Structure formats: structure tokens, C-alpha cells
Amino acid sequence: MSPKNILSEDALLNILDDLNASKKDIEKKNMELEATSKELRAINKKNLKLQEELEIKIAERTEELNEKVQKLDKTQKSSLYMIEDLNEIQTELRLQSEIASNLSEGIYLIRMSDGIIVYTNPKFEEMFGYALGEMVGKNVSIVNAPTDKDPEETVNEIMEILNKTGEWHGEVNNVKKDGTLFWCYANVSLFDHPKYGQVLISVHTDITDRKRADEALKAANKELEAFSYSVSHDLRAPLRAIDGFSSAVLEDYSPRLDSEGQRYLNIISDNAKKMGELIDDLLAFSRLGRKEMTKSDIDMSKLAKTVFEELKSTTPDRKLRLKVKDIPPASGDKAMINQVFSNLLSNAIKFTGLKDTAIIEVGSNGEGDQNVYYVKDNGAGFDMKYVDKLFGVFQRLHSAEEFEGTGVGLALVKRIINRHSGKVWAEGEVNKGATFYFTIPQKRGGEKT
Amino acid sequence: MNNQKTLEILLVEDNPSDVELTLRALRKHKLANKVHVAKDGAEALEYIFANGDYSDRKIEDRPKVIFLDLKLPKVSGLEVLKKIRDDERTKTIPVVIVTSSREEQDIIESYRLGVNSYIVKPVDFDNFVRAVSELGLYWLLLNEPPTE
């Protein structure tokens, strides 16, 4: 009998050993599992911690990002504002650019450090006959016409006024690209440019037409002057003959002439003389309208006294007393104002002819920006009823028998004062004298017109 | 030269009235008897240079003074003056321009050509007479003429 179904002790012991080994294995594996479990638990813990940290970090980051977003928002907003501003500026610049482009005047800018043209507007280029952009970068000397004056001197003169007043205005002779010379009126000023430094800006107006008109006017005036002169001289020769031969008859034939005959001849002679005076006065009157005025400061009291002395020397037989008050200086054409005093004072002397002593007074009342001057006499005076006629040409309020004269003197005075933008008027009373007033601008300091 | 000059004044004037009044004024001072009148620039030149109508004259017979008007027919006063000054034989003759022109250009040009004096004819007759008398007295009596 073999016990096949009964396990031998050895086999059981083997099985037990196997079981024990397996048990040990399992325990070992259990322990490993536990260790792994522990590890896993530790890892879990770590994970949780990391997760927590992560969440904190996320929160922080989110806050940071929020802040950044807010900042970006603000930046975006201010960018939007800036864009708005820039748009406005751009519109403004576009407008200014349009203005410069479409201006009917030429503008150019010169960099003062080296005299280079740094900007021209289209009109300027057109005026000078250059293509767009052709003038920029060139020296300003290309536009200046040669003059007999040293160009440096001209520049210095202009710079002096520019530096003093900030502006210069005046006529300049320019030259176009093709060499044509033409005149412009330039309005110049200076300013500091961030890129170019000190810059001169000039606005040019083509005054060719005006100059041409001026020249035509000057020529016409010259012609008229020559004509008047020649007419007056051609008229004078026969007058001299009339006067001369009448006198000759009176001298040579007076024994054969009765008093009437002599009287007639005297009338002829007197009228010839009078006509001569009329011609002179008319010439002077017409010349006055065409003469250019040169303004300067006038010492009015000195002028009045000088004129009076001259007049006095031509009437040595008269008793004349002049009172010149302290009168303020004025601004005007000295030669013309001399004429005014001459006419008014000689009138005063003339019309006081019937008085024993002529008392003539020159004075003034200051009023606003105009000075009122007067010449007063104690002579024949006039009726205020006819005051409007006083200043007309050839108007007289007295007959030639009472007082000689052609009646142009006051008209001349009125014309001169009008040219000075002043007024002239008179007050008088028959036999009680007359006062003639006139206004001219106050002394300003020697400006030339 | 000790010859008595037959001519004292050469009056060059185209206006007959002015001529007559001038002579009349000179006559008053007994200065008129040695005046010759030329009525235009051409006649004046013929007289001075002794040619044309005056070929029988002698150039050396120079006037003491020439009263010369500017506005003359044929040859103008300034041209006459220039010709007188350009010739050695006549250049020292005193010339007084007596004219109605007060034009600056005329005055400048006259002096530039060497005129001795420039007088503008007074318009007023009395003044004219006075001027002519003074001129006559001055140039004929007071002034020393160039000797040759």
C-alpha cells in the first residue's frame, strides 16, 4: 500500500514551509504596501500642502494680474485721451499746414546760424519760380537781389531793428530763379525753434504792381510838375512885358498923359503884378498836393519866431510886436509847417496894417493827442458870418483895396494841415482882430513816413 | 592889348520884349551903347567865332561879358556855353546865364560847364530892372575881365 493520498510529513512540512514562506512573503509585501502606503500618505500630504501653496500663489498671482489689468486699463484710458489730444493736434496742424499751403502770401524760414532756408510754403516757391522743395537747404542769398549797399550792412540794419522790437517790416528787392528782379514787402520776425535754433520767419507780399503804380504816379507827378513849371514861366514872360512896358510908358510919357491915363496904366501894371502872384500861389498850391512829406520833430516856438523875424525884415516900417508863448513841439513836415506859420503870420501882419502897433500872439492849448496852436492878431478881423469862406481857394473877405492878396494863403494852410490829419478853423470879429487855430499831432520822436 | 573894345555886352535873348526891357534898364545906367543882341544860339556862335554872317568880325574882339538865355531857338544856351568853353580863344569870356528856368538840372549843368554866374529872371518887372542894372554895373564896371 502506498499512501498516495496521504501526504508525507515531509510533504506537509514542505507545504508548511511554503506557506510560511508565502506568509513571510505576504507579510513582507504587507510591510512594503504599508511603507508604500505611508509614502503615498506622505506624498498626499505634500501634495495637499503644495496644492495649498499653489492656491495661495494663484491667489497672489491673480491679485497681481488684477492690478496689472487695472493699470493697463488706466494706461489704455490715458492712451485714448492722448490719442484724442493727438487727433486734435493733428487737426490743428493740418489746419496750419493748409493755411501755410494755401496762403496767398509767401512764407519762408531761415536758420539764423547759417542763413539756410529751412522751410518755404508753396506760394513762396511759386513767387520765386522754384519747384516744390527746391529752395529748402539753400542759402537765403538766392532770393536777395544785389543792391549798391553792402549786403552785410543791409542785414545788420534789419537785425538791429529785429533785435530791438522783434519785428521788421519793409520793402526788399528779390530775385526769382530765372534772374528776374522784383519788389516785395517783407514782414519779418524771429523765434526759437527746438530743432533749428533761432529762426527768422518772413512773410513776403509781391508789390510789383504797387511799385509800378507808384512809379507811374511819380512819373505823372513829374510830368505835371514840369508842365506846371513851364506853363508858369511861359505865362510870366508876357506879364513881365505888360508890366515893363506900362512902366516904360509912365516913365517916358508922363508929361503927355493926364492923370486918368496914368491911372489906367497903373491899373495895367498892378494887374500884371497880381497875375504873377496868382501864378506863383497856384503853382505852390498845386505842388503841395504832390510833395512827399518828411516827418520830424519841430520846435514850434523856435519856428514861429524865425518865420516872424524873416517877415519883420521885409516890413521895416511897421511896428510889430510878437508874443510867442511856450508852445509844445510837434511832429510834422518842417518845410510845410514853416509855410503855415509864414502864411498865418504874414496875414496877421498884413491885416493889422491899419493899426498903430500890431500885436500878434502865437500860443497853444494842449488837447488829447493833438496840440491846438493859434495865431492871434489885433487887426481888421472878419465877420463870423463868412467864416466858412475863409479857407477856400481865391476866397477873400476883403477887397483888394483894403488889403492886397490873392486869397490862396489860407487855402494853402488848410491843405497842409489836412495832410497832417489836423484841423484848421478861425474866430474873428470885425475890427477886433482874428485868431486862427490849427491842430497837428504831438511830437512822437522823429518817425519818418 | 590896349584897343578899346567895341563890344561890351553880348546879349543872347530870343524874346524881343525881354530884349527891349533889358536894353532899357541898361540904358538907365548908360551901359547900353555897347550891347549886341543875338536872337538865337546859332547867331550867338557865329558872332563869337566870327564866322557865317559875322565873318567880318575878329575873334579877338571879345565881349566883356555874355548874357546868355538858356531857352533859345536853333542852338540852346547850354550848347553855346559848351562851345565857348571848349575853344581856347574864347574860353575865358565871362558868361552869365539869365534865364527864366529855375530847374535844378539846368543850374547844375551850367556850373558844370563853367558858367560864371546864373541869374533867374525876376518875374516882377521892377526886380527885373534892378537885376539887369546890377548885372551890368557889376560885370562892366566892378569886375575885372580876363586880360587876353
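A:Ser421 lies in the loop between α8 (409-419) and β11 (424-429) of chain A, helices (H or I, at least four residues) and strands (E, at least two) being DSSP runs numbered from the N terminus. Although A:Ser421 is not a glycine, its phi is positive, at about 60°. The residue is exposed, with a relative accessible area of 58%; exposed means over 50%, buried under 20% and partly exposed in between (1.4 Å probe, protein chains only). B:Ala50, also not a glycine, has a positive phi of about 55° and sits in the loop between α2 (41-48) and β3 of chain B. B:Ala50 is buried, with a relative accessible area of 15%.

The model is predicted: local features need pLDDT of at least 70, side-chain atom pairs count only at pLDDT 80 or more, and totals for chains, interfaces and linings use all residues. Residues are numbered from 1 along each chain as its sequence is written, chains are lettered from A and ligands numbered from 1 in the order in which they are written, and side-chain values use heavy atoms, with hydrogens and water left out.

Chain A contains 8 helices and 12 strands, and 31% of its 449 residues are buried. Chain B contains 5 helices and 5 strands, which follow the pattern β-α-β-α-β-α-β-α-β-α along the sequence. Of the 148 residues in chain B, 52% are buried. Among contacts (heavy atoms within 4.5 Å) between residues at least 6 apart in sequence, 65% in chain B join residues at least 24 apart; the corresponding value for chain A is 61%.

In chain B, the axes of α1 (residues 16-28) and α5 (residues 125-142) come within 9 Å and cross at roughly 60°. Axes are lines fitted to C-alpha atoms, for helices over the stretch in contact, with angles from 0 to 180 degrees between N-to-C directions.

The 18 residues of α5(B) should span 26 Å at 1.5 Å a residue, in agreement with the 24 Å between its end C-alpha atoms; the expected span is 1.5 Å times one less than the number of residues. Among the buried residues of α5(B) are B:Phe125, B:Leu135 and B:Trp139. The buried residues of this helix pack against α4 (208-253) of chain A, together with β1 (9-12), α1, β3 (65-68), β4 (95-99) and β5 (117-120) of chain B.
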